[in-house]
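This report goes through a structural model by topic.

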Amino acid sequence: MFGAQPETKSGRKGIAVSTLLVAASVLALLRPAPVLAQETELRGEVSESAILTDQQRKARQLRVQGSQDQGTPATQTAVDQTLANPYQPESPGAVPDDDQAADAASIFDQPQATDDPFADNQTPARPRRPSTARQRTTDANTKSDTKAADKKKAKKKPGQTADSTASTAAATGDKADPAATDNDGTNRRAVTIDSVDRQKLDPGAERTGSIEGQKVKPEDDPFAAPGIKVGTFVFRPTLEQGFTATSNADASSGGSSAVLSETALRFSSTSDWRENSAVIDGYGIFRNTLSGQKINDARGRIEGQLNVDLDHDLRAIAKLGYEAVPESASSPDAIAGVTSQPLRQTVDGSLGVEKDVGKMRYTLTGAVTHDFYGDAKLSDGTVLSQKDRDSTLYSATLRAGYQVSPAITPFAEVEAGRRVYDLRLDSNGYERSSTRLGARAGLELDMDDKLSGEFSVGWLREAIDDDRLPANAGPYVNADLKWSPERGTIIGLTGRTTIESTTAAGESGDVLYSGRLTGERQIRASLTANSALGLDWRDYTGSDGHDLILSAEAGLTWWLNRYAGLTTRVRTEKLTSNLTGRDYVANSVYLGLKVQR
């Protein structure tokens, strides 16, 4: 029972085949690679199924070779060859898979020496099968695409071709191969238009909604002047033409009523630069009598400011201006019995440099102001020269401030200057040149649009060179504040102290204090109301004389569109003085058309 079994012919054949398989495997592993061969491609992951398929393929090759060596009948050889090559193409042009080709190269074979320039037989390197992990990922993606394509096919109308594969099959009469859409790494998968449509677009390449469909942010001031682009500046001109009915045409004690034609031209130009900035403002007012007291005068001013950022945290501010104004009939220097008062022209300029050191802020400013007067035309036709009133004021101001917070900066400043007359002696033999000294302290505010500006108080004095004349001196008040309690409402407060010199015999001049309280309210986008209250106090040097001037004004502007509007205002002004012949009252009403661009 446990004895040795007799050895049969089939048993010997199996042992021989096994021996050959082992020998072939050992020879394949021990076979040396060509000397100049190089591994130009890294191998991927090899699965167990691939190893088993390779062993079966080599076993079939050995059986075919063994049957040929042992003279196996032709019938048996044909059967083995048929088993070794079971693939039969079903359509023209089809090629067998790698694992079904009898002469396919093994994945364990050494690569060809394709990079050896001295090799006798060079064959192009054959692309390797993808790794199992990559193949599984590709198969998963292919299945998901196939499912999506099947869903689209189900939605198509009857009679409509599903895809290009079905159309080709119907035209040729061949069966559609379901395996044609599988991706196994060697067969190509058909790419359809549907699959391209399913690809995700780059978010940056997606289409956006039209501009017309988006919500447009409303303008803060829809009736503001749009401006005209002139080079690197934005120019905003305004032209106003109207009529004034007044009870006192020249605002003097002897004035009478009149109807005047009034034309006002104003403009503002702002630079559109990246770093520095410049602003140019100007106005011109022309009045002419239509009926009543004869008035024909013109006045105007133009000024510019340039702000430049320098190195080392330095900022330069330059200003230049020109003004032409006829002498007021209520001025202390007004000349009686003239057909027209002399024209006073002023050219002024200043240059300042600012420097911040920590929280300290320093400013040094130099200014020059030159006043010159035209001749006065008397009623008898003669001309009275005013050259002895021409003068130039040179001044320098040094300010030092400490920034307590970004909104509050207290400061102190000192001023020194010299007023020089063109003529050393005036027509009465007085030396009118003087020395100017001043000191003041104040507060600078910067709370954005809520509250901004500055105010200061101090003392100012001008000592005249002629010892017979007392110095013009007095308290100094200066203010320029803007307050916005709510949106659309702006309250302004301005104050100024001016020393007015004179060439009257035995008089030094006076100190004029001027104050204005203004208000502007945007009732509607197209309707704006404004008002102003004024208070002026003139104190004459060397006497107890004084003038008190009170004024009030209210107006409305109704914009028809962005470029045109109607404007009206009423004004009253009253001067009360303890000097004889200076009191007057003037009331006026204005109605006009304003255009802007």
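## Confidence

The chain has a mean pLDDT of 78, and 67% of its residues reach 70 or more; pLDDT is the predictor's confidence in each residue, from 0 to 100. Residues 1-10 have a pLDDT below 50, and beyond near neighbours in sequence this stretch has one contact in the model, a contact being heavy atoms within 4.5 Å. Residues 113-134 also stay under 50 in pLDDT, and for them the model has 29 contacts beyond four places in sequence. Where pLDDT is low, the predicted coordinates should not be read in detail.

This is a predicted model, in which local features need pLDDT of at least 70 and side-chain atom pairs count only at pLDDT 80 or more, while totals for chains, interfaces and linings use all residues. Residues are numbered from 1 along each chain as its sequence is written, and side-chain values use heavy atoms, with hydrogens and water left out.

## Aromatic pairs

Two aromatic pairs are found in a search of the whole structure. Rings of Phe, Tyr and Trp (its six-membered ring) pair if their centres lie within 6.5 Å; planes under 30 degrees apart count as stacked, over 60 as edge-to-face and the rest as tilted. The pair of Phe233 and Trp273 is edge-to-face, because the ring centres are 5.6 Å apart and the planes stand at 75 degrees. It links distant parts of the chain, with Phe233 in strand β2 (residues 233-246) and Trp273 in the loop between β3 and β4 (277-292), 40 residues apart. Strands (E, at least two residues) and helices (H or I, at least four) are DSSP runs, numbered from the N terminus. Phe233 is buried, at 19% relative accessible area, whereas Trp273 is partly exposed at 35%. Buried means under 20% relative accessible area, exposed over 50%, and partly exposed in between (1.4 Å probe, protein chains only).

The rings of Phe235 and Phe267 have centres 5.7 Å apart and planes at 35 degrees, so this pair is tilted. Phe235 lies in strand β2 and Phe267 in strand β3, 32 residues apart. Phe235 is partly exposed at 28% relative accessibility, and Phe267 is partly exposed at 23%.

## Ser269 in strand β3

Ser269 belongs to strand β3 (residues 258-271). With a relative accessibility of 8%, Ser269 counts as buried. Its contacts, apart from neighbours within four places in sequence, are Phe233, Val234, Phe235, Ala278, Val279, Ile280 and Asp281.

## Charges over rings

Arg389 places its charged end over the ring of Tyr373, 4.0 Å from the centre. Arg569 lies over the face of Tyr590, with 4.1 Å to the ring centre. For such a case, NZ of Lys or CZ of Arg must be within 6 Å of the ring centre and within 35 degrees of the ring normal.

## Loops with positive phi

Ala251, in the loop between β2 and β3, has a phi near 50 degrees, a positive value in a residue other than glycine. His312 has a positive phi near 60 degrees and sits in the loop between β5 (296-309) and β6 (314-326). At 66% relative accessible area, His312 is exposed.

## A three-stranded sheet

An open sheet of three strands has the order β7-β10-β11, with antiparallel pairing; two strands pair if DSSP finds at least two bridges between them. Strands β7 (338-340) and β11 (383-384) are at the edges with a single partner strand each, so one side of each has no neighbour in the sheet. Strand β10 (residues 376-378) is joined to β11 by two bridges, and the two run antiparallel. Lys377 has Val383 in β11 as its bridge partner.
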